[in-house]
Amino acid sequence: MLSKRIIPCLDVRDGRLTKGIKFQGNVDIGDPVESARRYYEQGADEIVFYDITASHEGRGIFLDIVEKVASSIFIPFSVGGGINTVDDMRDALNAGAEKVSVNSGAVKDPDIISKGAARFGSQAIVLGMDVKRVAPTEAIPSGYEIVIHGGRKHMGMDALDWAKTAEVLGAGEICVNSIDADGTKDGYELTLTRMISDAVQIPVIASGGAGHPAHMYDALTKGGASAALIASIVHYGEYTIPDLKKQIQAMGCKMRLTW
Amino acid sequence: MLAILKYKAGNQTSVRRALNHIGIPNVITADPAEIAASEGIIFPGVGAAGQAMDELTAAGLDAVLKEQVEAGKPLLGICVGCQIMLDYSQENDTRTLGIIPGECHLFNPALEDETGAPIRVPHMGWNRVIPRKPCALFKGISDDAEFYFVHSYFPNPQPDYVIATTTYGKEFCSVHGGPGLWAVQFHPEKSGRPGLKLLSNFHAYCKEAANAQ
């Protein structure tokens with residue numbers, strides 16, 4: 001039976017983690033390679049790196065980190081942030097990532113999904129979408145709109161339509177991030193997650209709002225997600241990944257517990 | 001020394017990084033002499049079966065692989081490599097290597113998982129691999145261990161060649177072959193410690209086989 005996946009997300013700026021990560025023991029809290037290694041050893045099923053570097057130099061540093069990560073962890077990991085062209089995808093995949101995540105780059109140029117899928121395979125292309133709840137309109141019938149720039153810019157696109165389009169274009173997975181739930185620790189946006197996971201065949205990753213193992217359980221069952229993305233719930237030492245997995249499994253959702 | 005087969009549809013560097021990490025000497029190569037001189041061959045593959053088969057043939061490696069298998073060289077096929085060791089794949093309606101009798105079929109999305117929900121295709125993530133017969137690859141690996149899969153087509157070899165199975169909507173064959181000739185549908189190089197252990201078991205088998213000759 002396929003296990004549901006738990007995926008810690010690490011934000012990197014200029015080669016350092018932007019949020020401190022509180023591990024037990026003597027670990028430099030700002031080193032992304034060391035943090036990835038720790039999560040790997042704790043039984044993370046996959047890891048996401050999100051590059052929030054603005055500068056060109058920072059990008060090079062980030063790719064060096066990707067290479068180091070690829071030589072020290074032996075589970076899949078994906079890279080997002082700043083992936084706007086097929087060349088960006090190639091650079092990240094060549095550095096050793098399994099998957100690349102496109103977000104605003106695909107909103108502006110949806111063809112990047114089909115080009116990336118044709119060149120690297122659908123399994124390597126994740127569509128990340130940032131979504132905000134709005135009053136349903138003719139343009140946004142589902143009541144969920146695609147936003148970019150951390151929610152500051154509304155794109156007038158319906159999230160449900162976009163998910164279906166991305167699947168047709170060749171995305172292998174969709175990561176649905178609720179801007180409304182993000183950072184609240186009140187739980188994932190289950191209505192949104194369910195709506196998208198019912199509409200597509202490909203796996204859906206729930207993102208935004210995790211504060212408790214029960215939230216993750218809900219996203220993976222009621223939300224229909226194949227994976228749950230987490231950040232602060234593990235970064236600040238509130239829970240470890242084995243804690244989360246054991247509790248979610250005890251609630252009745254299959255987790256990978258041997259590694 | 002293990003030879004990782006070099007052609008345009010393989011994830012050779014991922015395999016190489018995993019082997020380097022566990023200290024197994026390896027070379028990424030398409031050179032028939034180098035392949036012949038190795039203790040064993042790893043045959044990775046990503047993408048579509050048709051394209052992988054074309055690339056393999058274009059590199060002249062289809063014949064090399066068959067020769068080496070006939071000569072008794074240990075071989076480990078991974079993912080699409082595992083699939084195209086069979087006779088035929090439904091993907092792109094492709095005639096494949098025919099090293100092991102059988103075919104590769106598409107998952108039917110109408111199948112349901114244990115919770116009654118329709119399965120998603122591709123099968124992506126961690127799943128168990130249940131041995132159906134003893135296999136040197138799984139020595140020292142817990143029966144509870146899980147491996148990382150990502151595929152839409154699954155191997156369907158002749159029953160005699162089934163080594164281990166996995167359940168996704170239905171039970172399918174996730175490891176096939178026989179002693180020294182193995183094909184795994186999952187990615188050992190991305191399956192954490194159990195995957196690294198499997199690669200090290202393969203290497204140990206290759207060394208023993210080379211010494212016995």
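Predicted model: local features only at pLDDT ≥ 70, side-chain atom pairs only at ≥ 80, totals over all residues.
In chain A, helix α1 (residues 32-42) and helix α2 (residues 56-70) lie against each other. Two packed helices are described by the angle between their axes and the distance between the axes. The axes of α1(A) and α2(A) come within 9 Å and cross at roughly 30°. Because angles under 35 degrees count as roughly parallel, α1(A) and α2(A) are roughly parallel to each other. The crossing in which α1(A) passes α2(A) is right-handed. On the side of α1(A), the contact is made by A:Pro32, A:Val33 and A:Ala36; α2(A) contributes A:Ile65, A:Lys68 and A:Val69.

Helix α5 of chain A spans residues 111-120, and its buried residues are A:Ile112, A:Ile113, A:Gly116, A:Ala117 and A:Phe120. These residues cover an arc of only 130° around the axis, and they therefore lie on the same side of α5(A). Their packing partners in chain A are the helices α3 (86-94), α4 (104-108) and α6 (159-169), together with the strands β5 (99-102) and β6 (125-133). After α5(A) comes A:Gly121, which has a positive phi near 95°.

Chain B contains an open sheet of eight strands with mixed pairing, in the order β2-β1-β3-β4-β14-β13-β12-β9. Strands β2 (26-29) and β9 (130-131) of chain B form the edges, each pairing on one side only. Within this sheet, β1 (residues 2-5) and β3 (residues 40-43) of chain B are joined in the parallel sense over three bridges, and B:Ala3 stands opposite B:Ile41 in β3(B). Helix α4 (residues 61-70) of chain B packs on the sheet, where it touches β1, β3, β4 (75-78) and β14 (181-184) of chain B. The direction of α4(B) makes about 140° with that of β3(B).

An open sheet of four strands, also with mixed pairing, has the order β6-β5-β7-β11 in chain B. Its edge strands are β6 (94-95) and β11 (153-157) of chain B, each of which pairs on one side only. Strands β5 (residues 88-89) and β7 (residues 102-106) of chain B run parallel and are linked by two bridges. B:Ser89 is placed opposite B:Cys104 in β7(B).

The loop between β7 and β8 (123-128) of chain B holds B:Asp113. This residue has a relative accessibility of 26% and therefore counts as partly exposed. Although B:Asp113 and B:Gly169 are 56 residues apart in sequence, their C-alpha atoms are 4.8 Å apart in space.

Definitions and conventions
Residues numbered from 1 in each chain as written. Chains lettered and ligands numbered in written order. Heavy atoms only, no water. Pairing = 2+ DSSP bridges. Buried < 20%, exposed > 50% of the residue type's maximum accessible area, 1.4 Å probe, protein only. Arc of directions from axis to C-beta. Contact = heavy atoms within 4.5 Å. Axes fitted to C-alpha atoms, helices over the stretch in contact; angles between N-to-C directions. Parallel < 35°, antiparallel > 145°, perpendicular 65-115°, else oblique. Left-handed = near helix turned anticlockwise from the far one by under 90°.
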